[in-house]
Amino acid sequence: MTGQQERDLKEGLRALAGTTREMHASRRVEDAVLAELGRLSGTAHGLPQTTRATRKPALVRLLPLAAALVAAVGGALWTARSTPSPKIVHPAGFIALPAAAVLPEMESANIVRVSLPVAALPAYGVAIGDLKQDVVEAELLVAQDGQARAIRFVSDSD
Amino acid sequence: MADLDNVPDETLLQLVAAGDRNAMSLLFRRRQQNVYRFALHLTGSPTTADDVTQDVFMAVIRDAARFDAGRSTVPAWLCGIARNFVRRRIQSERDMDSIDDETAETLPAVVPDPLGDLTQAEQLEGLRRALLSLPLRYREVVVLCDLQEMPYAEAAGALSCAVGTVRSRLHRGRALLTAKVLAERKRQQDARGQRTTRYIA
């Protein structure tokens with residue numbers, strides 16, 4: 001690229017930027033955001049933590065992670081644009097956590113298995129149908145920064 | 001609300017984390033345009049830009065407490081979130097292809113032809129199309145640094161990469177953009193030439 005080409009390109013890009021200088025999100029976006037905030041006012045921000053002990057001692061260190069997961073799953077309720085019905089989660093496949101959107105891009109990840117109380121899940125927009133046990137096994141996709149990006153629920157046969 | 005007008009973004013985010021509706025409203029009005037224009041230039045779709053803007057601020061409501069002023073500015077953080085949502089959308093649309101596929105984007109040899117006046121309406125539309133056809137990793141940095149005039153360090157925060165990476169991607173992105181504009185112009189000239197030939201014949 002020559003110097004003249006670079007100058008021409010920058011001039012063109014400035015002009016292109018100028019075509020959108022007055023553009024902004026539509027009113028419906030602000031209405032939706034503020035309605036969501038209004039809906040949540042009065043809702044406790046603190047979410048119950050996962051306190052159920054895990055089977056493997058090494059996972060004790062992951063309890064904060066599990067708590068973060070519960071909080072993140074809870075966010076699913078907040079992001080839904082209409083009143084959500086609880087999703088039935090299929091065992092196969094990871095589901096992106098809403099909170100992952102604000103985290104840096106995942107470069108590498110480890111899969112970590114944790115135990116979560118079933119009773120806590122429906123309140124946060126995720127339900128697993130017809131289960132009798134109190135605790136479900138789940139696998140977290142934990143990125144290079146130690147933050148969970150996605151979850152999948154696993155059955156005993158997995 | 002008047003009391004909040006001079007409050008910095010970082011403080012507004014703290015108030016949002018505590019559930020302050022006025023702070024959220026002010027933050028939205030102050031910063032939604034940054035997010036919307038970023039998404040619009042990345043996707044070319046006003047509807048998608050609207051959706052991404054909504055997704056971003058919903059995420060802010062949920063995760064305002066996660067903002068780390070030591071790592072980025074608020075506009076850069078918001079654009080970083082928008083980038084993640086845009087990538088998700090593009091990824092789900094393409095499914096099978098990598099959104100950073102560079103294999104088809106080898107740089108052609110430099111052709112010293114001038115780009116001419118790209119500010120003319122027709123040329124501007126060609127430039128917009130060329131920008132949208134850039135691989136996303138280059139498009140992001142060109143939009144942030146050249147269109148939104150974000151400093152390199154802030155862009156690095158938004159893109160979760162080093163400043164050096166921003167510089168190198170910007171250099172390559174501009175070179176690709178130049179090549180695409182020249183190629184498009186040649187196609188148009190060839191097409192005009194063929195029409196003229198047919199007319200004469």
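Predicted model: local features only at pLDDT ≥ 70, side-chain atom pairs only at ≥ 80, totals over all residues.

Guide: Helices here are DSSP runs of H or I with at least four residues, and strands are runs of E with at least two, numbered from the N terminus. Residues are numbered from 1 along each chain as written, chains are lettered from A and ligands numbered from 1 in written order, and side-chain values use heavy atoms, without hydrogens or water. Local features need pLDDT of at least 70 and side-chain atom pairs 80 or more, whereas totals for chains, interfaces and linings use all residues.

The axes of α6(B) and α7(B) lie 10 Å apart at an angle of about 140°, where axes are fitted to C-alpha atoms over the stretch in contact and N-to-C angles run from 0 to 180 degrees. That angle makes α6(B) oblique to α7(B) (under 35 degrees is roughly parallel, over 145 roughly antiparallel, 65 to 115 roughly perpendicular, the rest oblique). B:Glu140, B:Val141, B:Leu144 and B:Cys145 of α6(B) meet B:Tyr152, B:Ala155, B:Ala158 and B:Leu159 of α7(B), contact meaning heavy atoms within 4.5 Å. By class, this contact has 7 nonpolar residues, no polar ones and 1 charged (Ala, Val, Leu, Ile, Met, Phe, Trp, Tyr, Cys and Pro are nonpolar, Asp, Glu, Lys and Arg charged, the others polar).

B:Glu149 is not a glycine, yet its phi is positive, about 55°; its relative accessibility of 53% counts as exposed (buried is under 20%, exposed over 50%, partly exposed in between, with a 1.4 Å probe and protein chains only). B:Pro151 is partly exposed at 44%, and its C-alpha atom lies 9.7 Å from that of B:Ala76, 75 residues away along the chain. B:Ser160 is partly exposed, with a relative accessible area of 32%.

B:Val142 touches A:Leu13, B:Leu131, B:Leu134, B:Leu147, B:Leu170, B:Gly173, B:Arg174 and B:Leu177, leaving aside residues up to four places away in sequence. The largest nonpolar core has 73 residues, and B:Val142 is one of those touching the most other members, with B:Met24, B:Val56, B:Phe57, B:Val60 and B:Leu177; such a core joins buried Ala, Val, Leu, Ile, Met, Phe, Trp, Tyr and Cys through side-chain atoms within 4.5 Å. Helix α2 (residues 21–43) of chain B contributes the most to this core, 11 residues. A separate core of 12 residues includes A:Leu140, A:Val142, A:Ala148 and A:Ile151.

Between the chains, helix α2 (residues 27–40) of chain A packs with helix α3 (residues 46–63) of chain B at about 20°, their axes 9 Å apart. The two are therefore roughly parallel. The crossing of α2(A) and α3(B) is right-handed. Among the residues making the contact are A:Val33 and A:Leu37 of α2(A) and B:Phe57 and B:Ile61 of α3(B). The contact comprises 8 nonpolar, 3 polar and 4 charged residues.

Chain A has 3 helices and 6 strands, in the order α-α-α-β-β-β-β-β-β. Of its 158 residues, 42% are buried.

Definitions and conventions: Left-handed = near helix turned anticlockwise from the far one by under 90°.
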